[in-house]
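Subject: Structure for you, with notes

Hello,

Here is the structure I promised to pass on. Please have a look, then read the notes below.

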Amino acid sequence: QVQLVESGGGLVQPGGSLRLSCAASGSIFSINAMAWYRQAPGKERELVARITSTGGTNYADSVKGRFTISRDNAKNTVYLQMNNLRPEDTAVYYCNAVVKPSYSTYFHAYWGQGTQVTVSS
(Lines give C-alpha, C1' and ligand atoms only; values in the text may rest on other atoms or scores of the structure.)
Protein backbone atom coordinates (compact mmCIF):
# COMPACT_ATOMS: atom_id res chain seq x y z
CA GLN A 1 0.00 0.00 0.00
CA VAL A 2 0.99 3.60 -0.65
CA GLN A 3 -0.22 6.51 1.48
CA LEU A 4 -0.01 10.26 0.96
CA VAL A 5 -0.37 12.43 4.06
CA GLU A 6 -0.77 16.19 3.74
CA SER A 7 -0.17 18.83 6.39
CA GLY A 8 0.11 22.60 6.69
CA GLY A 9 -3.34 23.87 5.86
CA GLY A 10 -5.21 26.40 7.95
CA LEU A 11 -6.72 29.86 8.19
CA VAL A 12 -4.67 32.82 6.94
CA GLN A 13 -5.41 36.46 6.19
CA PRO A 14 -5.24 37.81 2.64
CA GLY A 15 -1.64 38.49 1.71
CA GLY A 16 -0.37 35.85 4.09
CA SER A 17 1.59 32.66 3.44
CA LEU A 18 1.23 28.95 4.08
CA ARG A 19 3.41 25.96 3.29
CA LEU A 20 1.80 22.62 2.51
CA SER A 21 3.66 19.33 2.77
CA CYS A 22 2.78 15.88 1.47
CA ALA A 23 4.75 12.79 2.42
CA ALA A 24 4.42 9.54 0.52
CA SER A 25 5.03 6.31 2.41
CA GLY A 26 4.55 2.59 2.08
CA SER A 27 5.72 0.10 -0.54
CA ILE A 28 7.27 2.61 -2.92
CA PHE A 29 9.73 1.66 -5.65
CA SER A 30 9.82 5.03 -7.38
CA ILE A 31 7.80 8.23 -7.75
CA ASN A 32 7.29 10.01 -11.03
CA ALA A 33 5.41 13.32 -11.02
CA MET A 34 3.93 14.87 -7.88
CA ALA A 35 1.31 17.57 -7.89
CA TRP A 36 -1.10 19.70 -5.90
CA TYR A 37 -4.74 20.08 -6.87
CA ARG A 38 -7.48 22.07 -5.19
CA GLN A 39 -11.24 22.02 -5.07
CA ALA A 40 -13.36 24.94 -3.96
CA PRO A 41 -17.04 24.49 -2.95
CA GLY A 42 -19.20 24.02 -6.01
CA LYS A 43 -16.23 23.85 -8.36
CA GLU A 44 -14.32 21.08 -10.07
CA ARG A 45 -10.93 19.93 -8.85
CA GLU A 46 -8.17 21.81 -10.65
CA LEU A 47 -4.42 21.42 -11.04
CA VAL A 48 -2.47 24.00 -9.04
CA ALA A 49 1.13 22.92 -9.64
CA ARG A 50 3.06 19.88 -10.81
CA ILE A 51 6.69 18.80 -10.51
CA THR A 52 8.42 15.98 -12.36
CA SER A 53 10.97 13.59 -10.88
CA THR A 54 13.75 15.73 -12.38
CA GLY A 55 12.38 19.04 -11.08
CA GLY A 56 10.46 20.40 -14.04
CA THR A 57 7.46 22.44 -12.94
CA ASN A 58 4.25 23.89 -14.27
CA TYR A 59 1.62 26.07 -12.61
CA ALA A 60 -1.94 27.20 -13.06
CA ASP A 61 -2.01 30.74 -14.41
CA SER A 62 -3.89 31.90 -11.31
CA VAL A 63 -0.98 31.01 -8.99
CA LYS A 64 2.08 31.82 -11.13
CA GLY A 65 4.45 34.11 -9.28
CA ARG A 66 2.79 33.42 -5.92
CA PHE A 67 3.10 29.64 -5.39
CA THR A 68 6.21 27.47 -5.59
CA ILE A 69 6.21 23.69 -5.77
CA SER A 70 9.28 21.71 -4.71
CA ARG A 71 10.15 18.17 -3.70
CA ASP A 72 12.64 16.22 -1.63
CA ASN A 73 13.15 12.90 -3.38
CA ALA A 74 15.07 11.44 -0.44
CA LYS A 75 12.03 12.01 1.77
CA ASN A 76 9.37 11.25 -0.88
CA THR A 77 7.85 14.60 0.00
CA VAL A 78 6.39 17.43 -2.07
CA TYR A 79 5.85 20.97 -0.83
CA LEU A 80 3.73 23.92 -1.90
CA GLN A 81 4.84 27.34 -0.71
CA MET A 82 1.91 29.72 -1.06
CA ASN A 83 2.56 33.45 -0.78
CA ASN A 84 0.34 36.49 -1.21
CA LEU A 85 -2.74 34.37 -0.64
CA ARG A 86 -6.10 35.60 -1.85
CA PRO A 87 -9.65 34.71 -0.77
CA GLU A 88 -10.12 32.91 -4.09
CA ASP A 89 -7.35 30.49 -3.08
CA THR A 90 -9.70 29.08 -0.44
CA ALA A 91 -10.18 25.38 -1.17
CA VAL A 92 -9.34 21.87 -0.09
CA TYR A 93 -5.85 21.12 -1.39
CA TYR A 94 -5.04 17.57 -2.47
CA CYS A 95 -1.66 15.98 -3.04
CA ASN A 96 -1.26 13.64 -6.00
CA ALA A 97 1.64 11.34 -6.84
CA VAL A 98 2.32 8.90 -9.65
CA VAL A 99 3.97 5.99 -7.90
CA LYS A 100 5.39 2.64 -8.92
CA PRO A 101 4.76 0.39 -5.91
CA SER A 102 7.34 -2.23 -5.12
CA TYR A 103 4.75 -4.95 -5.81
CA SER A 104 3.68 -3.69 -9.24
CA THR A 105 5.21 -3.24 -12.68
CA TYR A 106 2.99 -0.23 -13.36
CA PHE A 107 2.72 3.32 -12.10
CA HIS A 108 -0.47 4.25 -10.27
CA ALA A 109 -1.92 7.62 -9.23
CA TYR A 110 -2.50 8.14 -5.52
CA TRP A 111 -4.28 10.94 -3.66
CA GLY A 112 -3.99 12.38 -0.20
CA GLN A 113 -6.98 13.02 2.03
CA GLY A 114 -6.92 16.79 1.48
CA THR A 115 -6.13 19.75 3.67
CA GLN A 116 -8.30 22.85 4.04
CA VAL A 117 -6.86 26.25 3.18
CA THR A 118 -9.03 29.23 4.09
CA VAL A 119 -8.02 32.79 3.20
CA SER A 120 -10.15 35.30 5.03
CA SER A 121 -9.88 38.43 7.13
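From the N terminus on, the elements of the protein chain run β-β-β-β-β-β-β-β-β-β-β. That is 11 strands and zero helices. Both kinds of element are DSSP runs, numbered from the N terminus: helices are H or I with at least four residues, strands are E with at least two.

Ground rules next. This is a predicted model, in which local features need pLDDT of at least 70 and side-chain atom pairs count only at pLDDT 80 or more, while totals for chains, interfaces and linings use all residues. Residues are numbered from 1 along each chain as its sequence is written, and side-chain values use heavy atoms, with hydrogens and water left out.

**Overall build**

The protein chain has 121 residues and a radius of gyration of 14 Å, which agrees with the value near 14 Å for a compact globule of that length. The radius is taken over C-alpha atoms, and the globule rule is 2.2 Å times the number of residues to the power 0.38. Along the principal axes, the C-alpha atoms fill a box of roughly 45 × 25 × 25 Å.

Buried residues make up 40% of the 121. Buried means under 20% relative accessible area, exposed means over 50%, and partly exposed is in between (1.4 Å probe, protein chains only). The chain exposes about 6300 Å², with carbon and sulfur atoms supplying 48% of that area. Areas come from the Shrake-Rupley method with a 1.4 Å probe; for residues, only the protein chains shown count as cover.

Now contacts, meaning heavy atoms within 4.5 Å. Take those with a separation of 6 or more: residues 24 or more positions apart account for 55% of them.

On charge, there are 11 positive and 7 negative, and their mean positions are 6 Å apart. Lys and Arg count as positive, Asp and Glu as negative; His and the chain ends are not counted. Each charge is placed at NZ of Lys, CZ of Arg, CG of Asp or CD of Glu.

**The disulfide**

The structure holds one disulfide. The term covers a pair of cysteine sulfur atoms within 2.5 Å. Here Cys-22 is joined to Cys-95, with 2.1 Å from S to S. The link of Cys-22 and Cys-95 is left-handed, at -80 degrees about the S-S bond. Cys-22 lies in strand 3 (residues 18–26) and Cys-95 in strand 9 (residues 91–101), so the bond ties together parts 73 residues apart in sequence. Cys-22 is buried at 0% relative accessibility. Cys-95 is also buried, at 0%.

Ser-21 is in strand 3. Ser-21 is buried, with a relative accessible area of 18%. Leaving aside neighbours within four places in sequence, Ser-21 contacts Val-5, Glu-6, Ser-7, Trp-36, Val-78 and Tyr-79.

Ser-30 sits in strand 4 (residues 28–39). Ser-30 is partly exposed at 23%. Not counting residues up to four places away in sequence, Ser-30 touches Val-98, Val-99, Lys-100 and Phe-107. Gln-113 is 83 residues from Ser-30 along the chain, and their C-alpha atoms are separated by 21 Å.

**Two loop asparagines**

Most residues other than glycine have a negative phi. Asn-76 has a positive phi, near 50 degrees. Asn-76 lies in the loop between strand 7 (67–72) and strand 8 (77–82), and is partly exposed at 24%. Asn-84 also has a positive phi, about 50 degrees, although it is not a glycine. Asn-84 is in the loop between strand 8 and strand 9, and is partly exposed at 43%.

Pro-14 is in the loop between strand 2 (10–12) and strand 3. Pro-14 is partly exposed at 41%. Not counting residues up to four places away in sequence, Pro-14 touches Leu-85, Pro-87, Val-119, Ser-120 and Ser-121. Pro-14 and Met-34 are 20 residues apart in sequence, and 27 Å apart in space, C-alpha to C-alpha.

Ala-40 is in the loop between strand 4 and strand 5 (46–51). Which residues does Ala-40 contact, leaving aside neighbours within four places in sequence? They are Thr-90 and Ala-91. Ala-91 is 51 residues from Ala-40 along the chain, yet their C-alpha atoms are separated by 4.3 Å.

Best wishes
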